[in-house]
Amino acid sequence: MIQLKVNGVDRSFGGNQNMPLLWYLRDVLGLTGTKFGCGVALCGACTVHRNGEAVRACVTPMSSVSGADITTIEAVGEKGLHPVQAAWIQHNVPQCGYCQSGQIMQAIALLRATPKPTDEEIDEGMAGNICRCGTYQRIRAAIKTAAKEPV
Amino acid sequence: MSAIYNLSRRGFLKGIVGSGAFVLGAHYVPRILWADETVLNRTEADLATLHPNVFVGIDSDGTVHIVAHRSEMGTVIRTSLPMVVADELDADWKRVKVEQAIGDSRYGDQNTDGSHSIRSFYDTMRVAGATARFMLIQAAAQQWGVSPADCKTDLHAVVHPASKRRLGYGELASAASKLPVPKKEDLQFKHKDAWRYIGKGMDSLDLTDLCTGKAVYGMDAKLDGMVYASIEHPPVFGGKVKSYDEKAPLQVAGVQKTVPIDPFKPPCAFQPLGGIAVIADNTWSAFQGRKKLNIAWENGPNETYNSAAYEKELHETARQPCKVIRSEGDVDSTFAKGEPVFEGDYYVPLLAHASMEPMVALAEFKDGKVRAWAPTQNPQAAQAIISQELGIPKENVICHVTLLGGGFGRKSKPDYVAEAAVLSKKLAKPVKVVWSREDDIKFDYYNAVAAMYLKASLDAKGKPTAWLQRSVFPPIPSIYDVNAVYGDPGHLAQGWTDMPYDIPNLRIENGPAKAHVRIGWLRSVANIYHAFAVQTFTDELAHRAGRDPAEYLLDVIGPPRTIDLKSTGYPNYGASFETYPWETGRLRRVTELVIEKSGWGKRKLGKGHGLGIAAHRSFLTYVAAVVEVEVTDDGDVKIPRVEMVVDAGLVVNPEITRAQFEGAAVFGTSVARSGEITAKDGAIVQSNFNDYPVARIDEAPYQTNVHIIDSDAPPAGVGEPGVPPFIPALCNAIFAATGKRIRQLPLTRTNLARAG
Ligand code: FES
Ligand code: FES
């Protein structure tokens, strides 16, 4: 039995320990804000926070989240919009939006580690997150806007 | 009064969103809760107090319901079209509720493809809004005993300025509903100056949901008691299962059973490909179970398909005389005159869509009826294929449209929705079919692989005196007719039949090519390879003549004129020539403006930098692009800046339109940098974003500036037209930076590293 916290709620999981966190979140808990894009850590659509750090839920087995604190996009805007979300809205970032949960989770982690990122640091921090609609220019602008706020 | 009315009208409701109910975002919930099947396909608009047409309804509390009948995949169409209705209705946007339509022919075309939602439905939306506004004014005038001509509307109310009387739309809805619906000829449309929303634009009504994880895509659809299915498809197109291990997958925890799906009967169209489905409690178990299927396949005739050999064949065909689709003057005798002649072969491989959300659909077959939820660009096609596969009437297929995590044309083909319905019937429970990324890449309807051959004879200034172009590609009609080998007029029209240059002798040809995979349309479709060939060849001719490529491009476009293509059967994207003539003056204008905006010939560029230009009309929109590249010593391509000038006629939602062109530049970057699908022994080689990479933030253009021409011309397309000129402009820039000419895509085929 694995014990973990998801968005502040205590959970226990007794299924296959190899099941990736992504499918536990989506199919078992019904937290569908975290998306499936590639399944092999190539696109970032499934990005969540494990103890505050961005991880790819699609390659994070349940065995590795025992005792962990998991945060998904659903919890980020719970008490009013997070500054990153507000910046995303201000810059009209999303097109289809499917990648944006992952982009936002990644951007929050980036800004925590690097509060005032340069262009190169944004490239480095965000290069794991694909947006097939091509919203990168607005993502960059939104990160710079959010960087003016404490995150 | 209104409360009572509303109560009775909504008496059909089961009540709250409870067990067994489908869980979707707020915009989708109500209709799904109708207990009475006969009203299953009724919308809030249909049931409103005043509902003069299928797109609009007004409740007596003043709520305006507008139906969005096109699919939302990021173009913000489900905001932009309702915005047009709201403007003509003079409605307060805050009191508008937009409801997504199911697939239903009463809305007309719903295939959200071909960049034509605004173009085809702008008038319909204006009429929908103006009709309701007309009736509200009539109702108020009757009540006040004044002439309707003395009344007007003022944001959600009718006013009689002379007496300063005012009635809200909600108060008038009931009286207005008793009046006859006016004819279109009697309507008065707002003057442009009075527009509140059109041309000013509006954020997506889904914007906050998209940033908070609340937006509901097909991938997020859920029904109580549903099972998950993952399908092993035949690796070679047209293949069949010989044998498989029925039992082994059941060893995987969570796997319930395996279910065969019949192979399609040619032609494939939108039928399921066939294969073996693994049914499980969750997606992951279904994926795992597939690994144990141990299927032996009978591949069929397409197993001899190899991309390298096929590429050679296409080029050989393009070097031979082909079917003539447009001819002016006399190309052959001009070529024979002995002027210098220049020629080139161009190539663009198969391309996959790779929308961020893989194919996915949920369907429930019950009591002879199907309810499906799918991220589909074409719910009516989903109805049709499900009805065909299950042998039930089309009316018994309800197809709900969720948000789409990207579409790019792939989700116009509902094979995956049909799979869910077929499995639900076999299993007698709701089934959600989930494709992996590998399934998505390997079982796409690919943008056609194409070879083009161009030849021109040149005068003393290097300007073409005769021009020949041949294009060879497996055509999209091959999915409907196994013998189809020639391009259909609709796709030949895309940047080929309509070559716009001012050249007296011109011949345009198309050669045959047999398809060995499913061919389909992808954002910009045939314009991708056609614009690449024509705009690259043009740049080559300019350099050959020692002329400035931008000046040369304007020279070959020639003076402003209307091109007459009627004799060629040119379909003009389904629009009339009268309304949407092919005007070279507009192509000139965007070209001239992009030259100015990019500082062409005026800016000093850094080492390894270069500028490239291209111009193209597609989907009735004229676009010119200038791309700046930096090619590093080790051959990496960076794109610091892109300028695009767009003449799309009237633009309803400018900021959203700019975003579409920014996205097109990124999409074009993906095609150019790394877009290549290949087949080996009939099976697709690529599988995921490792071997079918798409542009990432550090590879995409750093800054794309989009300039929209202010125009009163009728609206044209904006989703696709940015892609075709971007790609050759990028490749021409690479030539300017490195002296290396890109005649085949993707760029990985050319070593761009500086020698030595
Ligand atoms: S789904 Fe996890 S990185 Fe793509
Ligand atoms: S917004 Fe569509 S994939 Fe990023």
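Select B:E551 and B:R547 to begin: the two form a salt bridge, with their closest N and O atoms 2.7 Å apart. A salt bridge here is a side-chain nitrogen of Lys or Arg within 4 Å of a carboxyl oxygen of Asp or Glu. B:E551 is partly exposed at 37% relative accessibility, whereas B:R547 is buried at 15%. In these terms, buried means under 20% relative accessible area, exposed over 50%, and partly exposed in between (1.4 Å probe, protein chains only).

The model is predicted, so that local features need pLDDT of at least 70 and side-chain atom pairs count only at pLDDT 80 or more, while totals for chains, interfaces and linings use all residues. Residues are numbered from 1 along each chain as its sequence is written, chains are lettered from A and ligands numbered from 1 in the order in which they are written, and side-chain values use heavy atoms, with hydrogens and water left out.

**Further salt bridges**

Next, select B:K607 and B:D633, a salt bridge whose closest N and O atoms are 3.6 Å apart. B:K607 lies in the loop between α17 (584-597) and β24 (609-618) of chain B and B:D633 in the loop between β25 (621-631) and β26 (637-647) of chain B, so the pair ties together parts 26 residues apart in sequence. Helices (H or I, at least four residues) and strands (E, at least two) are DSSP runs, numbered from the N terminus. B:K607 is exposed, with a relative accessible area of 64%; B:D633 is partly exposed, at 44%.

Move to B:D206 and B:R78, whose salt bridge has its closest N and O atoms 2.9 Å apart. B:D206 is in the loop between α6 (169-177) and α7 (207-212) of chain B and B:R78 is in helix α4 (residues 77-89) of chain B, so this pair ties together parts 128 residues apart in sequence. Both B:D206 and B:R78 are buried.

For a network of salt bridges, select B:D87, B:D90, B:D154, B:R166, B:K190 and B:R196. Over all chains, the count is 54 salt bridges.

**A buried lysine**

Which loop holds B:K411? B:K411 is found between β17 (397-401) and α12 (415-427) of chain B. B:K411 is buried, at 0% relative accessibility. Its side chain reaches the backbone oxygen of B:G406 at 2.8 Å, and a polar atom of that side chain lies 2.9 Å from the backbone oxygen of B:E357. Beyond its neighbours within four places in sequence, B:K411 has contacts (heavy atoms within 4.5 Å) that include B:S355, B:M359, B:T376, B:N378 and B:Y416.

Finally, colour chain B by its domain assignment: domain 1 (43-197), domain 2 (218-300 + 359-434) and domain 3 (307-351 + 445-749). Such bounds come from an automatic or database domain assignment. The C-alpha centres of domain 1 and domain 2 of chain B lie 39 Å apart, and 15 residues of domain 1 are in contact with 17 residues of domain 2.

How much area is buried between domain 1 and domain 2 of chain B? The area is about 1,100 Å², of which carbon and sulfur atoms give 49%. Buried area is the accessible area (1.4 Å probe) that two parts lose on being put together, summed over both. Select B:M73, B:I102 and B:G103, which supply 39% of the area that domain 1 buries against domain 2, more than any other three residues. Between these two domains of chain B, the count of salt bridges is zero.

Methods:
Polar contact = N/O pair within 3.5 Å; in protein donor to acceptor, adjacent residues only side chain to side chain.
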